[in-house]
Amino acid sequence: MLYAVLKLLHVSSLIVWLGGMVFAHFFLRPAAQSLEPAQRVALMHGVLQRFLNAVLVAVVLVLTSGLWMIGNVARAAAQSGGRFAMPLSWTVMATLGIVMIALFGHVRFALFKRLQRAVAASDWAAGGKALASIRTWVGVNIALGAVIVAVVFLVR
């Protein structure tokens, strides 16, 4: 039962993270383009501040639950006298997941800080540049997330 609960937490956290990136990247950002720079940058700052804080929680839950599930399967194999060999899909998922977490860290702790400074200084041009950088790395993370989903369902 605990394994099922952790898997639910794992997948739910990923839905928040990946779904939120898709929403912001493909729907919110294009709609916000019609706003004046000051309004657009301020809106995106407010949205990203809330979203990135939620993703920080999601990342911790994804990492913790994923490591626990892998460890649980490895422990069960060892206790039964078997040998644990992580499936290819799990290896790809874990590796790309770590890359996604690193990219999230860059967005959250470097690029978003630039956006915060720009908003505090009412420097809308710098805010736009920070948002463009964030958009680029979010796009990369969306692509990585899509690859992970495909691998989980198509590779055994």
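This is a predicted model: local features need pLDDT of at least 70, side-chain atom pairs count only at pLDDT 80 or more; totals for chains, interfaces and linings use all residues.
Setting aside neighbours within four places in sequence, Ser 65 touches Leu 6 and His 10. The chain has four helices and zero strands, and Ser 65 sits in helix H2. From there, we can look at the whole chain and then at the spaces inside it and along it.

**Around Ser 65**

- Ser 65 has a relative accessible area of 2%, so it counts as buried, a label for values under 20%.
- The side chains of Ser 65 and His 10 are joined by a polar contact of 2.8 Å.
- His 10 turns up again at the largest pocket, as one of the lining residues closest to its centre.

**The chain as a whole**

- The C-alpha trace spans about 65 × 25 × 25 Å along its principal axes.
- Of the 156 residues in the chain, 32% are buried.
- Among contacts with a separation of 6 or more, 76% are between residues 24 or more positions apart.

**The cavity**

- The structure holds one cavity of 30 Å³ or more, and the largest cavity has a volume of about 50 Å³.
- Its lining is made up of Trp 17, Met 21, Phe 51, Leu 52, Phe 104, Val 107, Val 138 and Asn 141.
- Helix H1 (2-32), helix H2 (37-79), helix H3 (88-120) and helix H4 (124-154) each give two or more residues to this lining.
- By class, the cavity lining has seven nonpolar residues, one polar and no charged.

**The largest pocket**

- The largest pocket has a volume of about 920 Å³.
- It is lined by 29 residues, and those closest to its centre are His 10, Leu 14, Met 93, Ile 148 and Val 152.
- H1, H2, H3 and H4 each contribute two or more residues to the lining of the largest pocket.
- That lining divides into 22 nonpolar, five polar and two charged residues.

**The second largest pocket**

- The second largest pocket has a volume of about 230 Å³.
- Of its 14 lining residues, Arg 29, Met 44, Leu 131, Ile 134 and Arg 135 lie nearest the centre.
- The elements giving two or more residues to the lining of the second largest pocket are H1, H2 and H4.
- Its lining comprises eight nonpolar, three polar and three charged residues.

Technical notes: Residues are numbered from 1 along each chain as its sequence is written. Side-chain values use heavy atoms; hydrogens and water are left out. Buried means under 20% relative accessible area, exposed over 50%, partly exposed in between (1.4 Å probe, protein chains only). Contact means heavy atoms within 4.5 Å. On a 1 Å grid over the protein atoms alone, a cavity is a set of points where a 1.4 Å probe fits but cannot get out, and a pocket is an open set with protein on both sides within 12 Å along at least five of seven lines; lining residues have an atom within 4 Å of a point. Grid points are joined across faces, edges and corners, and a volume is the space filled by probe spheres set on the points. Ala, Val, Leu, Ile, Met, Phe, Trp, Tyr, Cys and Pro count as nonpolar, Asp, Glu, Lys and Arg as charged, and the others, Gly among them, as polar. A polar contact is a pair of N or O atoms within 3.5 Å; within protein, one must be able to donate a hydrogen and the other to accept it, and residues adjacent in sequence count only if both atoms are side-chain atoms.
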